[in-house]
Amino acid sequence: MAKKPPRDDVGDRDLTVRGPEAAAAGLPGVRHGLAAAMSHMGVRRTALTLLKVNQAEGFDCPGCAWPEPAPKHRATAEFCENGAKAVAEEATLRRITPEFFAAHPIAELAGRSDYWLGQQGRLTTPMVKHPGATHFRPLGWAQAFALAAEHLKAIEPDQALFYTSGRTSNEAAFLYQLFARAYGTNNLPDCSNMCHESSGVALGATIGMGKGSVTLDDIHDAKLIAVVGQNPGTNHPRMLAALEKAKQRGAKIISINPLPEAGLMRFKNPQKVAGLVGSGTPLADLHLPIRVGGDLALFQAIGAKLVEWGAVDEAFVTAYTSGFEGYATAVREVDAELVARATGLSAEEIEAAARLFAASEATVVCWAMGLTQGRDAVATIREVVNVQLLRGMIGKPGAGLCPVRGHSNVQGDRTMGIWHEPPTWLGRLGERLGVAMPTGRGHDTVEAIRAMRDGHAKVFVAVGGNFAAASPDTDVTEAALRRCTLTVHVSTKLNRSHVVTADEQTVLIMPTLGRTERDTQAGGDQFVTVEDSMSNVHASRGRLDPASPLLLSEVAIVCGLARAVLPESTIPWESYARDYRAIRALIEQTVPGFDGFEAKVRTPAGFTLPHPPRDSRSFPTPDGRARFTVSPLEVLTVPPGRLLLQTLRSHDQYNTTIYGLDDRYRGVKAGRRVVFVNPDDLTDLGVADGSMVDLISEWADGERRAPAFRVIAYPTVRGCAAAYFPEANVLVPLDSTAAGSNTPTSKQIIVRLQPV
Ligand SMILES: Nc1nc2c(c(=O)[nH]1)N[C@H]1C(S)=C(S)[C@@H](COP(=O)(O)OP(=O)(O)OC[C@H]3O[C@@H](n4cnc5c(=O)[nH]c(N)nc54)[C@H](O)[C@@H]3O)O[C@H]1N2
Ligand SMILES: Nc1nc2c(c(=O)[nH]1)N[C@H]1C(S)=C(S)[C@@H](COP(=O)(O)OP(=O)(O)OC[C@H]3O[C@@H](n4cnc5c(=O)[nH]c(N)nc54)[C@H](O)[C@@H]3O)O[C@H]1N2
Ligand SMILES: [Mo]
């Protein structure tokens, strides 16, 4: 039997702390994943649903963007504990009906936690809050579209914002950007702005392609894998199986992380009997406990060693790159003392890492948010590229650059044109459809918040995501959203963004189908497509009955909006919604790499998009060469009595969706308002383990405070601290962003702990 949703918000009443675990997954992983699934779905639905995850005829796991092995190598259960939880959240049997909204005034919902809101179940009915109303009320789809159209027609196109989260399918994303642009704006901020934007910018400028250059086989065949600023045990658990395979074939693994994350230390593969009960495979051969923000210095220092030792692939450097001389001169001058301060690592540790790079003939560097969300994120990733270029590690089996994406289709959404800049193919699309396309740059996430805050943007539309909770500077972001005349949320689940409202504002909730559900249109049952972190595009077919007969697909909602907002439009919106093949045909005609799209996605494995650096060492940069770059090394200085705080994910959350209140691998149970601090720092600060503190960040425009966090003595690097996102987002000012990508610096916040 599925369990009922929680009635009360419990907060951290029962919080306990046990200390970090040594290994990830194994039997507890399976048990926890199944327990979550069964509490939402009951036994039968759990079995039926989980067996379809990531299978050729099933749906793409909504969890993460890690690729699936080729169909013949797929396990019967090609998912992980956290994939099971992601599926359970969506396939839950709990429902939010109009009666729920009648019983709970918006003011009450606004006081609930993200956890409580999410646990209430799936949205079932389009809802509206009219100006002056205290409650959401149901309305019909036609009325909902008409209301949105009334607002959108009353403003200039650039006064509207069209946000996307990375779960949206290729088909829905392509139509959504077409709608926004046919309406007249490039204001298409997306979750990528807060996520891998820094990777896209750094890779675009150096190798000419903003995407990773490896395939899953490259991971399996690598001789050295560096996992930098990433916690795969929680966020990409299936990656651990790939690391294990590489390891068994002789690869070495380096973990570069301020925290000793369980999954990187030891892994028990839940898909193997030995992994269920044994002690697991030790994964990392070398763990570098780096100071937060120290990676730029580390990769410069590694590059310096490689140059010094002559461990350079000269043939590659000569044939395919530019800028080597300038780079080599710059790294020869890297100041060892600055490197030590920036990284907190000893010369021996750095040399050990450099030796592994020098000795490896096939190296992959993987990274995620630990590199992308800092002040120097773009420059840091360029330093990773420098090291890989030195060793000729692009376009070679077992080697490459691997930004590990977050949301299951965040990479595909960008390929489909979800971007605040006009994609190269936009002109062609406009010509084909006979529609003038906007040419100027639109707003990214941070700029979108500023535009709402300053009254320049009036309507906010979101296809997926939880903008209020995911964005930085929570109070500023919420106030900004409240200044809109209309906010529209196309969502599967209730979240904070729906209940951040102002009295005179109109708010629309448009409930939509999820990945797991059958999508039937006038033209029959539809499937959608997604692109994983390694540029593989494949089909995803939901099988479950929709959570409510009133749900529309994202595609249908976008078409409904477009027809209401652009009644004169000559774009055949209705035929797109009737049969998604029409959308794929338009994508094929527009987006490079999609020739033969329809036929190719109908094969079980789908297809891999072209990637010139990976495929043929051709670099689509202005001079056709991969570029070495030089960046200054500036140590992040932290005033005395302060710590450098990073915000990260617990094991029981998917971004702002909180599955549960435990962080098993870090030994935290039943609570989230915790801050992890090195015990020696606690001694120096005179703060006791287990005591309560406010976290305060200090900025030119004033302090920001996150109240009431429990201190946990934890083996993080000296001078650094960690707390969970989104509780700590309030501490990150809107204007604190990475140079070059404008990504909020969610991993680098200087804080003081104030005992309460
Ligand atoms: N279950 C689950 N899966 C997810 C998600 C989820 O929330 N839950 N989110 C999805 C999304 S959208 C994304 S983007 C990915 C995120 O995947 P991750 O990037 O793994 O997520 P974070 O929890 O932010 O972890 C950041 C890691 O970087 C380390 N780190 C922090 N600062 C630094 C630094 O300066 N240098 C180095 N070297 N390391 C640092 C932290 O200690 C932590 O281990 O996961 C995706 N998958
Ligand atoms: N401080 C701090 N802030 C961060 C981060 C951090 O590490 N630290 N990480 C950043 C990162 S990497 C990211 S990606 C962003 C995430 O930002 P978002 O993508 O905006 O947030 P999510 O929590 O992933 O969105 C969850 C909501 O999506 C909706 N949803 C789920 N599935 C579907 C679907 O199939 N269709 C539709 N239409 N809606 C659906 C549900 O209503 C759910 O409530 O947050 C960023 N913010
Ligand atoms: Mo992300």
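# Close-up views of the predicted model

**Figure 1. In this view of ligand 1, an N or O atom in the side chain of N82 lies 3.3 Å from a nitrogen atom of the ligand.** The structure shown is a predicted model. Two further polar contacts also involve nitrogen atoms of ligand 1. One is made by D295, which places a polar side-chain atom 2.7 Å from a nitrogen atom of ligand 1. The other comes from the backbone, where a polar atom of Q653 is 2.7 Å from a nitrogen atom of ligand 1. Of the 920 Å² that ligand 1 exposes when taken alone, 99% is buried by the protein.

**Figure 2. The shell around ligand 1 contains 31 residues.** Those that come nearest to ligand 1 are N257, E261, G293, Q653 and N655. By class, the shell around ligand 1 comprises twelve nonpolar, 15 polar and four charged residues. At least two residues of this shell are supplied by each of α10 (232–235), α19, β25 (643–648) and β26 (653–654).

**Figure 3. The side chains of R167, T492 and T656 make polar contacts with ligand 2.** Nitrogen atoms of ligand 2 are approached by two of these residues: a polar side-chain atom of R167 lies at 2.9 Å, and a polar side-chain atom of T492 lies at 3.2 Å. For T656, an N or O atom of the side chain is 2.6 Å from an oxygen atom of ligand 2. Ligand 2 taken alone exposes 920 Å², of which the protein buries 96%.

**Figure 4. The shell around ligand 2 contains 30 residues.** Y163, S165, A470, E554 and T656 come nearest to ligand 2. The shell around ligand 2 is made up of nine nonpolar, 16 polar and five charged residues. Domain 1 (122–190 + 409–590) and domain 3 (643–755) each contribute at least three residues to this shell.

**Figure 5. The largest pocket has a volume of about 960 Å³.** It is lined by 34 residues, and G210, K211, R414, T415 and W419 are the closest to its centre. Two or more lining residues come from each of α8 (197–206) and α21 (410–415). The lining of the largest pocket comprises twelve nonpolar, 15 polar and seven charged residues.

**Figure 6. The second largest cavity has a volume of about 170 Å³.** A search of the whole structure finds six cavities of 30 Å³ or more. The second largest cavity is lined by 19 residues, and G293, G294, D376, T380 and Q748 lie nearest its centre. At least two lining residues are supplied by each of α14 (295–308), α19 (369–372) and α20 (377–390). Among the contributors to the lining, α14 gives the most, with three residues. The helix α19 also supplies at least two residues of the shell around ligand 1. The lining of the second largest cavity divides by class into eight nonpolar, six polar and five charged residues.

**Figure 7. The peptide bond between F725 and P726 is cis.** Its omega is about 5°. P726 is placed in the loop that runs between β32 (720–724) and β33 (749–755).

**Figure 8. R617 adopts a positive phi.** The phi of R617 is about 50°, although this residue is not a glycine. R617 belongs to the loop between α31 (612–616) and β24 (626–627). As background to the last two views, most peptide bonds are trans, and most residues other than glycine have a negative phi.

Notes: Residues are numbered from 1 along each chain as its sequence is written. Chains are lettered from A and ligands numbered from 1 in the order in which they are written. This is a predicted model: local features need pLDDT of at least 70, side-chain atom pairs count only at pLDDT 80 or more; totals for chains, interfaces and linings use all residues. Side-chain values use heavy atoms; hydrogens and water are left out. On a 1 Å grid over the protein atoms alone, a cavity is a set of points where a 1.4 Å probe fits but cannot get out, and a pocket is an open set with protein on both sides within 12 Å along at least five of seven lines; lining residues have an atom within 4 Å of a point. Grid points are joined across faces, edges and corners, and a volume is the space filled by probe spheres set on the points. Helices (H or I, at least four residues) and strands (E, at least two) are DSSP runs, numbered from the N terminus. Ala, Val, Leu, Ile, Met, Phe, Trp, Tyr, Cys and Pro count as nonpolar, Asp, Glu, Lys and Arg as charged, and the others, Gly among them, as polar. A residue is near a molecule or strand if one of its heavy atoms lies within 4 Å of it. A polar contact is a pair of N or O atoms within 3.5 Å; within protein, one must be able to donate a hydrogen and the other to accept it, and residues adjacent in sequence count only if both atoms are side-chain atoms. Accessible areas come from the Shrake-Rupley method with a 1.4 Å probe; for residues, only the protein chains shown count as cover. Domain bounds come from an automatic or database domain assignment.
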